[in-house]
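Here is my note on the model. Please read it with the coordinates open.

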Amino acid sequence: MTIFAKIISGEIPCHRVYEDQHVLAFLDIGPVSDGHLLVIPKEARAQLDELSDESAAAIGRVLPRLARAVMKATGATSYNILQNNGAAAHQAVMHVHFHIIPRIGSAGLGVGWNAGRLDASRAGELVAKMQAAL
Ligand code: 5GP
């Protein structure tokens, strides 16, 4: 059982901002910036790709509203949505979660962005494989 499952069940307390049938949002215990919010499905799945359509839709429905609330509460006008999947991608808690991280001055998410250049033949391969997988 993950720490987030214990938060959903009430076994561990949190600073809850929002809750509905499928979704819970609460303040991150180690905020990268003031107002750092976590949005999680109640469905216990480790990665986004494992999530049911129902949970995914429920999160998608409330994310913009929660982002607006974070902005209003903090005065931030910029923010990042971060969603890590897998330990190699910096996921520490193996229960799907979206971070809403406001940018407040120099506080906020630091992003390393190693941009390459899209190769046309590789692009064709990727599109074909992804479309076949959908
Ligand atoms: P990840 O690296 O998995 O994307 O992020 C996990 C996040 O969960 C971290 O930002 C961490 O601070 C937060 N977190 C871990 N344990 C707890 C907890 O018990 N309560 C709250 N509110 N946040 C937690």
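**Notes on the ligand site and the fold**

1. Start at the ligand. A polar side-chain atom of Asp28 sits 2.5 Å from one of the ligand's oxygen atoms. Asn84 also places a polar side-chain atom 3.0 Å from a ligand oxygen. Ala92 uses its backbone instead: an N or O atom there is 2.6 Å from an oxygen atom of the ligand. The protein covers 80% of the 520 Å² of accessible area that the ligand has on its own (Shrake-Rupley method, 1.4 Å probe; for residues, only the protein chains shown count as cover).

2. What these values rest on. This is a predicted model, where local features need pLDDT of at least 70, side-chain atom pairs count only at pLDDT 80 or more, and totals for chains, interfaces and linings use all residues. Residues are numbered from 1 along each chain as its sequence is written, and side-chain values use heavy atoms, with hydrogens and water left out.

3. Which residues come nearest to the ligand? There are 16 residues around it, and Asp28, His90, Ala92, His97 and His99 come nearest (near: a heavy atom within 4 Å).

4. The sheet. Five strands form an open, antiparallel sheet, ordered S1-S2-S3-S5-S4 (strands are DSSP runs of E, at least two residues, and helices are runs of H or I, at least four, numbered from the N terminus; two strands pair if DSSP finds at least two bridges between them). Strand S1 (16-19) and strand S4 (78-82) are the edges, each pairing on one side only. On average, neighbouring strands are turned by 15 degrees against each other, direction ignored (axes are lines fitted to C-alpha atoms, for helices over the stretch in contact; angles run from 0 to 180 degrees between N-to-C directions).

5. S1 and S2. Three bridges join S1 to strand S2 (residues 23-27). Glu19 stands opposite Leu24 in S2. Helix H2 (residues 53-74) packs on the sheet and touches S1, S2, strand S3 (37-41), S4 and strand S5 (98-103) (contact: heavy atoms within 4.5 Å). The direction of H2 makes about 20 degrees with that of S5.

6. His22: buried or exposed? His22 is buried, because its relative accessible area is 17% (buried is under 20%, exposed over 50%, partly exposed in between; 1.4 Å probe, protein chains only). His22 lies in the loop between S1 and S2. Leaving aside neighbours within four places in sequence, its contacts are Ile40, Pro41, Lys42, Glu54 and Ala58.

7. Glu43. This residue is in the loop between S3 and H2. Its side chain makes a polar contact of 2.8 Å with that of Ser52 (N or O atoms within 3.5 Å; within protein, one must be able to donate a hydrogen and the other to accept it, and residues adjacent in sequence count only if both atoms are side-chain atoms).
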